[in-house]
Amino acid sequence: MSVSSAPSLSGGSGTFSVGAWNIRCARGAGLAAAAKGLRQMGVGCCVLTETKLTDDRYPKFVSGYRVIASKATSPRQGGIALLWEEGHRDFEVEAVQVRTPNLLMFQLVTGEERFFVLGAYIPPADTTGVDDLRAAWAACPENCKPILMGDLNIDLRTPRTEREEIIADFLDDINVVDLSRKFVQRMGRRQGLGARWTWRQRRGGHWYQSQPDYFMARERDVALFRNVAFRRPRVHDSDHRA
């Protein structure tokens with residue numbers, strides 16, 4: 001996900017990559033492998049979901065990224081982390097705050113633009129994640145452009161349950177749109193033109209896929225983004241695409 005703006009430092013291109021990726025697990029070598037995947041994709045700043053880290057015993061710097069992670073409530077589900085390149089020539093990360101085990105926020109500064117970013121993971125059966133998001137969203141400063149990214153565990157095209165309707169209504173209330181819908185996606189061999197799946201599994205000889213992961217912003221800010229696309233690096237095993 002590429003944000004285009006004036007460069008933070010003279011001579012910079014002003015374009016850098018920001019990502020959201022469900023990595024399935026960051027324990028053991030998972031975080032290091034995910035960081036290598038981000039490096040392979042050229043991502044400068046990324047929100048990782050489903051880290052499943054339940055304590056502070058994780059590398060605070062890995063593959064050139066600084067790391068801040070939450071304490072997941074379970075080693076089997078949840079957890080969120082922020083990785084970014086400190087000293088990047090085109091952006092700075094400020095005011096990082098872990099709000100809950102599945103929600104963090106920070107400000108992303110590039111040139112004269114300032115973005116207020118919420119990174120979120122809402123578990124499939126969770127009914128309180130929207131309340132946490134709503135409270136955090138209220139903290140968005142007036143001089144910031146808002147971004148919401150992460151794994152919401154909902155297909156926004158067809159909300160099917162009361163939980164999914166609540167999440168969809170919240171996204172409508174805060175007036176954000178799925179930016180992947182604003183850019184043509186690469187053709188997939190099996191999924192056809194414009195494939196937007198971010199999760200898939202093979203069961204009984206068939207692929208099942210959906211889009212629970214999103215990168216969202218206000219419609220009026222779309223012009224600041226050069227591209228939003230789905231990527232899958234070779235060096236980390238996850239059933240989600242970044």
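Asp239 first. Its relative accessibility is 10%, and it counts as buried. The cut-off for buried is under 20%. Keep in mind that we are looking at a predicted model.

What does Asp239 pair with? It forms a salt bridge with Arg24. The closest N and O atoms there are 3.8 Å apart. The cut-off for a salt bridge is 4 Å, so this pair is counted. Now look at where the two partners sit. Asp239 is in the segment after S15, and Arg24 is in the loop between S2 and H1.

Arg24 has another partner. It also forms a salt bridge with Asp237. Here the closest N and O atoms are 3.1 Å apart. Arg24 lies between strand S2, residues 15-22, and helix H1, residues 30-41, while Asp237 follows strand S15, residues 225-227, so the bridge ties together parts that are 213 residues apart in sequence.

Arg24, Asp237 and Asp239 are linked in a network of salt bridges. How exposed is each member? Asp239 is buried, at 10%. Arg24 is partly exposed, with a relative accessible area of 32%. Asp237 is exposed, at 58%.

On to a pair elsewhere. Asp55 forms a salt bridge with Arg57. The closest N and O atoms are 3.0 Å apart. Asp55 is partly exposed, with a relative accessible area of 25%. Arg57 is exposed, at 72%. How many salt bridges are there by this rule? The count comes to 13.

Next, charge on the surface. Glu162, Glu165, Asp169, Asp172 and Asp173 gather in a patch of negative charge. Take Asp173 as one of them. It lies in helix H3, which covers residues 162-173. Asp173 is exposed, with a relative accessible area of 60%.

Let me step back to the whole chain. How many helices and strands does the protein have? There are 3 helices and 15 strands. The radius of gyration is 17 Å, close to the 18 Å from the globule rule for 242 residues, so the protein is as compact as a globular protein of that length. Along the principal axes, the C-alpha atoms fill a box of roughly 55 × 40 × 40 Å. And 55% of the 242 residues are buried.

Now the backbone. Two residues deserve a look at phi. Glu50 is not a glycine, yet its phi is positive, about 55°. Where is Glu50? It is in the loop between strand S3, residues 45-49, and strand S4, residues 61-62. Glu50 is buried, with a relative accessible area of 12%. Asn153 also has a positive phi, near 50°, and is a residue other than glycine. Asn153 sits in the loop between strand S10, residues 145-151, and H3.

Last, some strand residues and their distances. Start with Leu118. It is found in strand S9, residues 113-121. Is Leu118 buried or exposed? Leu118 counts as buried, at 0% relative accessibility. Its C-alpha atom is separated from that of Val177 by 14 Å. Along the chain, Leu118 and Val177 are 59 residues apart.

Then Gln201, in strand S12, residues 199-203. Gln201 counts as partly exposed, at 28% relative accessibility. Gln201 and Pro101 are 100 residues apart in sequence. From C-alpha to C-alpha, they are 26 Å apart in space.

Finally Ser210. It lies in strand S13, residues 206-210. At 25% relative accessibility, Ser210 counts as partly exposed. Ser210 and Phe116 are 94 residues apart in sequence. In space, C-alpha to C-alpha, that pair is 27 Å apart.

To recap. The network joins Arg24, Asp237 and Asp239. The negative patch includes Asp173. Glu50 has a positive phi, and so does Asn153. That is my tour of the model.

Notes:
Residues numbered from 1 in each chain as written. Predicted model: local features only at pLDDT ≥ 70, side-chain atom pairs only at ≥ 80, totals over all residues. Heavy atoms only, no water. Patch = residues over 30% accessible without salt bridge, like charges linked within 9 Å, V, L, I, M, F, W, Y side chains within 5 Å. Areas by Shrake-Rupley, 256 points an atom, 1.4 Å probe, with all protein chains shown as cover. Salt bridge = Lys/Arg side-chain N within 4 Å of Asp/Glu carboxyl O. Lys, Arg positive; Asp, Glu negative; His and termini not counted. Charge placed at Lys NZ, Arg CZ, Asp CG, Glu CD. Helix = DSSP H or I, 4+ residues; strand = E, 2+ residues; numbered from the N terminus. Buried < 20%, exposed > 50% of the residue type's maximum accessible area, 1.4 Å probe, protein only. Rg over C-alpha atoms; globule rule 2.2 N^0.38 Å.
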